[in-house]
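Welcome, and please open your viewer.

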Amino acid sequence: MRPVRPSVVTAAATLAALTAVAGCAEKSDAKGGDGAVQVVAKDDACEVSKKEFPAGHVRLSVENKGSKVTEVYLLFPDDRIVTERENIGPGTKATITAEVKAGDYEIACKPGMKGDGIRQKVTVTGGKAAARSPEMDAAVAAYRQYVQQQADETLPRVKVFTDAVRAGDIEGAKKAYAASRIGWERTEPVAESFGDIDPKVDVREDGLEPGQEWTGWHRLEKALWQEKKLGPGAAALADTLDKDLADWVKRVGKAEITPTSMANGAKELLDEVATGKVTGEEERYSHTDLVDFKANVEGAQKSYELLKPVASKNDPALVAELDRQFGSLNALLDTYRADKASYDFRPYDKVGAEQRKELSDGVNALAEPLSKLAAAVVK
């Protein structure tokens, strides 16, 4: 996960507060009487109500009683991510629904959204497997194919970018930069589920952990737009980016994908927009934030559309609202590009404060019902 920098914490907290007020967090009693695993996140503790619970559809009912924005993860023993929720502001709650198999796991709270987090070991016992309809299986299969396709299509786009970097062609590299990131941004939650790839290819400078070498897209972005030169180390950075993304492409097929991870991933993509793109933090040198913004929305919408046959049976009102909000946000984004077939979006430094507020409001309006999709899928 890319850690949230201090300058973004306020935006993250605002988003979390709006989410809680809008009612996207489900209420649970403090003792977990409704079957949810209660997670209380503090600045110095991660309290879990149950250290053992049965396999199937698991709900984590999270409350942040700390002073910092936090995120909560359910992790495999090798640190792969089963499910997560970022940007949980102080004093707010969130509910995460996930499909979990029997085995050993860890629940991690990350106050300040930095580091390895405060962890608690939990055991998921052999229980009734999560029920899946043929429609759910079809959605997972189609999404797995989509993610692999996006990864496969990213490599040649990245090579156009890295070849220009290796050739010292600054203008050519600038032209290829944003397009090289589209497939990644559409499927980022799956890439992030591996834990180690995202910090190599997509971390920003002030998100680095102590001692971490800065590699990836944003290091080259800074060289191209701020430093305005490709120094002697640029070719090596390009080679490393190619290698790390090739590793990602090979591993995508092994990702754990479930209907709930698809739904939660869609919400995570909207959180990415709210805390990185709308603020202008993500592409701070190139100002190509709206390209990432659109790709994040497209990825979220793909998950939703694949899950829609199931959700429409369980919660038709939610589906109607999601259709409306996706339509509204896409229409708003279209006003910032030349035509609907183009990714030639307006540079984000040319988008004024009032327009950014309008975009932020559109994201929040979609994020609230989208946070309910996972629960609708498993009803």
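Before the first selection, a word on how helix packing is expressed here: axes are lines fitted to C-alpha atoms, for helices over the stretch in contact, and angles run from 0 to 180 degrees between N-to-C directions. Helices (H or I, at least four residues) and strands (E, at least two) are DSSP runs, numbered from the N terminus.

This is a predicted model, in which local features need pLDDT of at least 70 and side-chain atom pairs count only at pLDDT 80 or more, while totals for chains, interfaces and linings use all residues. Residues are numbered from 1 along each chain as its sequence is written, and side-chain values use heavy atoms, with hydrogens and water left out.

**Stop one: H9 and H12**

Select residues 259–277, helix H9, together with residues 353–370, helix H12; their axes are 10 Å apart and the packing angle is about 155°. H9 and H12 are therefore roughly antiparallel to each other (the term applies to angles over 145 degrees; under 35 is roughly parallel, 65 to 115 roughly perpendicular and the rest oblique). Their crossing is left-handed, that is, the near helix is turned anticlockwise from the far one by less than a right angle.

Now show side chains. On H9, pick Ala266, Lys267, Leu270, Val273 and Ala274; on H12, pick Val363, Leu366, Ala367 and Leu370. These residues make the contact, meaning heavy atoms within 4.5 Å. By class, this contact has 8 nonpolar residues, no polar ones and 1 charged. Here Ala, Val, Leu, Ile, Met, Phe, Trp, Tyr, Cys and Pro count as nonpolar, Asp, Glu, Lys and Arg as charged, and the others, Gly among them, as polar.

**Stop two: H2 and H7**

Next, select helix H2 (residues 134–166) and helix H7 (residues 217–227), whose axes come within 12 Å and cross at roughly 45°. That makes H2 oblique to H7.

**Stop three: the disulfide**

Finally, select Cys46 and Cys109, which form a disulfide with their sulfur atoms 2.0 Å apart (the cut-off is a pair of cysteine sulfur atoms within 2.5 Å). Cys46 lies in strand S2 (residues 46–48) and Cys109 in strand S8 (residues 103–109), so the pair ties together parts that are 63 residues apart in sequence. The torsion about the S-S bond is about 55°, so this disulfide is right-handed.

Buried or exposed, what is Cys46? Cys46 is buried, at 2% relative accessible area, and Cys109 is buried at 0%. Buried means under 20%, exposed over 50% and partly exposed in between, with a 1.4 Å probe and protein chains only.
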